[in-house]
Amino acid sequence: MVRDASGAPYRVVGSQTDITSRKEAEERLRHEGFHDKVTGLANRALFMDRLTNVIDRIKRQPGYILAVIYVDLDRFRAVNERLGHEPADRLLEAVAARLRSFARVGDTVARLGDDEFAILLDGIPNDRAAVVFADRMRELIASPCDVGPEEITVTASFGVTLNSPDAATAEALLNEAESAMQRAKQAGKNCVELFSRENYSRLVSKLRIETELRHAAERGELELFYQPIYNVAAGHLTRLEALIRWNHPQRGMVSPLEFIPIAEETGLILSLGDWVVNAACAQAHSWRNAGRSGVGIAVNVSPRQFQQDNMTAQFGAAFTKMATHGFALELEITEGAAMHDVDQSVKVLRSLREMGLRISIDDFGVGYSSLSCLRLFPLNTLKIDRGFVQGVPRAKDNTAITHAIVGIAHSLGLTVVAEGVETEEQLTYLRALGCEEAQGFLLGRPLRAKDVTPLLAQQSAIP
Ligand code: C2E
Ligand code: MG
Ligand code: MG
C-alpha cells in the first residue's frame, strides 16, 4: 500500500518470487531426515514414529494385530569386503526392493542400520500369518541377485513379534523382534523365529545370573557345603561331597542346578571350579588345624573343566596339598563328560589315578555311557542316580535298574554309592543288595563346614 500525504492509499505494490527450489530443498531435507540414502526406505526414526502411531491407534481397537519383523542379512560383512562398497550398496538396494514388494498399504519397510531392516505389518490375522509372510520374504531374499559383475546370493535371518500388552512401546516391540532374530541366527541363519516371551525371560534371567555370578566369588557370596557319605555295612563316614552354594544378596541361597549349567555354558565354570578346589583345600587345612581326622573330599567336575588342558596338573597339585592336611581329594565326573572324547578321558583319568585321586562317575544311569567304555575308564566308584534310588524297593523298574547297576559295578570291580537315600526302607534294601556306600537326607543333608566339624571326630558313625 502506497499512501499520499494525507495518508490515503493510492497504489498497491507487489512482487513475486519463485521459491520452488527452496521448497524442493526443504522437502528433500525432510525426506533425507527420515529416509535411508542408499535404499530410499524409511530410516529408524521414521519407522519408530510410524510404529508409535500405530500402537497408539490400536489401543482403541482390541483384537487388532500388528507384527514387527526384524531382518538381518547373514554374513553381510564378508559380502561387503569381497564385493566392495558399490556392489554391496546395490545389493542392499535389491534387498530393499524385494522387501518392499511385499508391503501393503499401511505397512512400513525400513532400513535400521548397515544390513538390518524392519517391517511393520499393520493389521494381520494372527502370528501364523506373520511367520508365513516373513518366510516368503526369506525365500525371495535368498534367490540370486544380479548386482554385477557377478550374481550373488545372500540370505537373511528373520525375527517376528506381535503387539501385546507386555510390549507397549515401539522400543519394546523392536527389541523383541531383534531378540527373535538373534535366535534365528543361533538356529543356523536363513530362517524365521517367532518371539516367545518365555524364551525371552529365560534369556534375560540367564544374562543376569551370568553377570552377577562373575563377581560372586570376589564378593564372598560362594560357600561350600559338605554332605556326608557313609559306608553302609560298617556304618562309618568315608567321605564328604563338596557342593557349592551361592548366597545371593537378594535371592538368598541359589541352587547349583540353576547356575552351574549357565557357568558351564559361558565358561565361568573354570574359575568357579578353581574356587571350589581352593576352598576345599583351605577347609581341609582348617579342619586339620582343629585336630580333626581326615576323610575323602569329593568335588564335582563339570564337562568343560574335565576337557581343560591343565586339568591333570591342577588337580594333581590340589591333591598333594590336601594330602598334607590328611584329606584325600576325589573327583566326581558325569558320564557325559567322560564320554565326550573317550581316548582323551582314558588318558586324563589314568594320570589322575596315578597321582592318587579317586574317581567316581556321578548320576550314573541317566547319561549315555557305553558299558564297553566304562570298562576302559580307570574308575573307583559308580554313584547311582537319585532318580533310581527313590523308587526302591517298591517301584519295579527302578529296583530292577538299581539291581543291574550294582551288578555291573561289582563285576567291573567298582564300589557303588547310592545317592539320595531318604528312607530306612531304601537303606535296608540297598544294604542287602551289597551297595557299599550311601548318601542322602536320611544320613545327612549338605552341611556348613562348621556343622561338619563334629562329624570328623573319629570315624563317625551313621547317625
Ligand atoms: P550331584 O553331584 O549329584 O549332588 C547331589 C545332589 O543331590 C545335591 O544337590 C544334594 O543336595 C542332593 N541330594 C543329596 N541327597 C539327597 C536326598 O536324599 N534327597 C534329595 N532330594 N536330594 C539329595 P545340590 O547341592 O543342589 O547340587 C546339584 C548338582 O549341582 C550336583 O549334583 C552337581 O552336579 C552340581 N554341583 C554342585 N556343586 C558343584 C560344584 O562345585 N561344581 C560343579 N561342577 N557342579 C556342582
Ligand atoms: Mg556329585
Ligand atoms: Mg549325583
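Of the 24 residues around ligand 1, those that come nearest are Arg245, Asn300, Asp362, Glu422 and Phe441; a residue is counted here if one of its heavy atoms lies within 4 Å of the ligand. The model is predicted, so local features need pLDDT of at least 70 and side-chain atom pairs count only at pLDDT 80 or more, while totals for chains, interfaces and linings use all residues. Residues are numbered from 1 along each chain as its sequence is written, chains are lettered from A and ligands numbered from 1 in the order in which they are written, and side-chain values use heavy atoms, with hydrogens and water left out.

Several N and O atoms can be followed around the ligand. A backbone N or O atom of phenylalanine 441 lies 2.8 Å from an oxygen atom of ligand 1, and a polar side-chain atom of glutamate 241 is 2.9 Å from an oxygen atom of the ligand. On the side chain of arginine 386, an N or O atom is 3.1 Å from a nitrogen atom of ligand 1. On its own, ligand 1 has 800 Å² of accessible area, and the protein covers 86% of this (Shrake-Rupley method, 1.4 Å probe).

Aspartate 362 belongs to strand β15, residues 358-364 (strands are DSSP runs of E, at least two residues, numbered from the N terminus). Aspartate 362 is buried, meaning under 20% relative accessible area with a 1.4 Å probe and protein chains only. Aspartate 362 has no salt bridge, a term for a side-chain nitrogen of Lys or Arg within 4 Å of a carboxyl oxygen of Asp or Glu. Its nearest side chain of opposite charge, lysine 383, is 4.4 Å away (Lys and Arg count as positive, Asp and Glu as negative; His and the chain ends are not counted).

Technical notes
Helices (H or I, at least four residues) and strands (E, at least two) are DSSP runs, numbered from the N terminus. Buried means under 20% relative accessible area, exposed over 50%, partly exposed in between (1.4 Å probe, protein chains only). A polar contact is a pair of N or O atoms within 3.5 Å; within protein, one must be able to donate a hydrogen and the other to accept it, and residues adjacent in sequence count only if both atoms are side-chain atoms.
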